[in-house]
Amino acid sequence: MSRHSGGRTSSRLDSRLQALEDARELGEGVLPDEVLQEAFDVLERASSRRSLSAGHTVVGFFGATGSGKSSLFNAVSGAEIATAAARRPTTSEPLAGVWGAAGSEALLDWLEVGNRHHASPVDGFAGEETGLILLDLPDFDSTRAANREIVQRMVGMVDVLVWVLDPQKYADDAVHNGFLAPLASHGAVTLVVLNQVDRLPVHDVQPVLDSLHAILAGEGLGQVRVLASSAVTGAGIAEVRAAIRKVAVQRQAQSRRLEADVTKAADVLRHASGEGDASGVRSAAKSRLAEELAVAANVPAVVRAVGQSYRLESVRRTGWPATRWLSRFRPDPLRRLNLRRDAPAAVNRTSLPAAGAPERARTDAAVREFADSAGAGAPGPWRAAIRGTARAGRDRLPDALDQAIAGTDLGANRKAWWWGVFNVIQWLALLTVLGGLGWLGVLAGLGYLQLPVPEAPRVEGWPVPTLMIAFGVVLGIFLAITGHFIAAGAARARAAKARRRLNSAVAGAAQELVVAPVEGEIARLAAFNKALKKAAQA
C-alpha cells in the first residue's frame, strides 16, 4: 500500500469516526442509552487501537469445540508455536504468536494477552518485518463463562477474524447467529476456513463449501473468502497463510476493521432512530399557534379594554364640563387589569383571570398541533423528542404570556392631540353660557330692584345674552357628540394597534418557549441524519 493511499484511508477513517461521534452526541436524550453506548465503545476502541502499533496486524482464530482451531493455528504458525502451545497452563488463556516483537508489547497489553511467543520466521509467510500477531483463542462455545467473555471481547478488538468451522457443525446457529451474522459489515476483514476436510469424502468437499457459501451469503457475508483446509494433511494451509500474509503486508486490516466497526455502529444508530426528516416549522403553523395562544391568554379581552379605556378617557377630557365628572364614577378597564401604570413592566403582572380548564386545553391543543405539524415525517424517537420539547415550553407559557402582555406598550398613557383642542373649546362654550346667564342675571337683578334696566343688544331680534347661552349649550352638545364619534374611531385604531403589539408579544413568547426549541430539535435531527450518512459511507 502506498503512503498516499494510506493517508487517504486514514483521512477517510478520521472523518467517519468524527461523524459517528457527532451522531452519537446528537442522539443523546433521544435514542436508547445502550445504543449510544455501543457507538461510544466503538469510538473508544478505535482511539485506543490507533494509538498503538500501526505496523502490526492482529489476526484472531475463532472456533467451536472440536473444530480443530488450535491445530490449524499451529499448522499456520509452525512447529515451534505448537510446542509452546503444549506448555500452556490452561486452554482458557489466549496465546499470541508474534512476528516482529518491536512495538507489539503495548498492543498485546491492550488486548490483555499475557501468553506471548516470539515466533520464528516462516518462509513465504511471516518474518520480523511482517508485523503479524496470530491469536489462538478459547472456544466460543465453551462451558466456562470466562472463556466466552474473552471471545466476545476479542471479536471486537482484533484486526482480522478467522472463523474455523468443521464439516459437522459448519451450519451451527451458535456461530452464525451469535457471531457471523452480526458481523455482516466486517466481510473485508473476515476469513472463513472449513477445517478438517480430510474427514469428508473428496466428492463431498465442494458441495459442503457451496452450502457454506450460501449460508454466509444469506447473512450478508457473500463476499467473504472461504477456504478449505486440513491441519492433519496440510491441505489448504498454504492458501490460509497466503490470505493472512496478504492482509498483513497491505497494512490495511486495522483501518478496514475500524471502518467496519463504524459502519455497524452507524447501522445500529439508524435502526434505533429510524429514517426520515421532519417537515419543519411553517409560517402558517407559527401563525396558527400564536393566534390560539393569544385567545387563550385573553388578548381579545385586553384589546376590548384598550378601546373602552380610550373612549372613557376621551369623555373625561372632552365631554361637556358640567357633566363629564360623572364619568369618573366609571372604573377604567385597563386599570382594573393592572395594565395602566407607570412602574416598569418587568416587575408587574396583569390582573387577568388565571387560565382555566378551557384555556389550558386550548393551549395544550395548539402546542400539540404545532409540534405534530413540525415533526411530521420524522422517525418515531425524534417525533417524541419534538413533542417533549414543545410540552416543556408549554408548561412555562401561562406565566410567559402574562409577562408578555404586561410588558406590552398599549399606549394607555398617551394623550390624543384633539383632546386638548376639544377641552379648550368646551370650556370656552361653558364660559359663554355662564357669561350669558350672568348677563341675564344682572338684568333680572336690576329689574327686581326697580332700577333702570338697559336694553340688551340684539342680533336679528334675539338678545345677545340669550344667544350666548344657546350658542354655548349647542356648541357643548355638538362637541360632545362629535367627540364621541371621534373617540369611537380613534379607540378602534388604538385597539387595533394594541392587538398587533399584543399578538407580536405573544408570538415572541411562543417563539422563545415553543417554536425555537422545536426548530432546534428539527435541526438536531437534520444534523444527526447528515452525520450518520457520513459515518456510514464506506
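Buried here means under 20% relative accessible area, exposed means over 50%, and partly exposed is whatever falls in between, using a 1.4 Å probe and protein chains only. The legends below describe a predicted model, where local features need pLDDT of at least 70, side-chain atom pairs count only at pLDDT 80 or more, and totals for chains, interfaces and linings use all residues. Residues are numbered from 1 along each chain as its sequence is written, and side-chain values use heavy atoms, with hydrogens and water left out.

**View 1. Y170 and the residues around it.**
At 14% relative accessibility, Y170 counts as buried. Look for Y170 in the loop between β5 and α7; helices (H or I, at least four residues) and strands (E, at least two) are DSSP runs, numbered from the N terminus. What is Y170 in contact with, leaving aside its neighbours within four places in sequence? The list is L165, H176, L194, V208, S211, L212 and I215, with contact meaning heavy atoms within 4.5 Å.

A pair of aromatic rings is described by the distance of the centres and the angle of the planes. Rings of Phe, Tyr and Trp (its six-membered ring) pair if their centres lie within 6.5 Å; planes under 30 degrees apart count as stacked, over 60 as edge-to-face and the rest as tilted. By this rule the model has eight aromatic pairs. In one of them, the rings of W163 and F179 have centres 5.3 Å apart and planes at 45°, so this pair is tilted. It links distant parts of the chain, with W163 in strand β5 (residues 160-165) and F179 in helix α7 (residues 173-180), 16 residues apart. W163 is buried at 0% relative accessibility, and F179 is buried too, at 7%. Ring pairs also join F62, F140, W163 and F179 into a cluster.

**View 2. W418 and F422, an edge-to-face pair.**
Here the ring centres of W418 and F422 are 5.2 Å apart and the planes stand at 85°, so the pair is edge-to-face. Both residues belong to helix α17, four residues apart, which is about one turn of the helix. Are W418 and F422 buried or exposed? Both are buried.

V424, L428, L431, L434 and L437 make a nonpolar surface patch of about 480 Å². Patches are made of residues with over 30% relative accessible area and no salt bridge, joining like charges within 9 Å and nonpolar side chains (Val, Leu, Ile, Met, Phe, Trp, Tyr) within 5 Å. The areas come from the Shrake-Rupley method with a 1.4 Å probe, and for residues only the protein chains shown count as cover.

**View 3. Salt bridges.**
Side chains of opposite charge can pair when their charged atoms come close. A salt bridge is a side-chain nitrogen of Lys or Arg within 4 Å of a carboxyl oxygen of Asp or Glu, and by this rule there are 19 of them. E259 has one with R12, the closest N and O atoms being 3.0 Å apart. E259 lies in helix α10 (residues 253-273) and R12 in helix α1 (residues 3-27), so the pair ties together parts that are 247 residues apart in sequence. E259 is buried at 10% relative accessibility, while R12 is partly exposed at 36%. D261 and R257 form another, with the closest N and O atoms 2.9 Å apart; these two are four residues apart in helix α10, separated by about one helical turn. D261 is buried at 5%, and R257 is buried at 3%. Elsewhere, E21, R24 and E28 are linked in a salt-bridge network.

**View 4. R241 over the ring of F125.**
The charged end of R241 sits over the ring of F125, 5.8 Å from its centre. The rule for this asks that NZ of Lys or CZ of Arg be within 6 Å of the ring centre and within 35 degrees of the ring normal.
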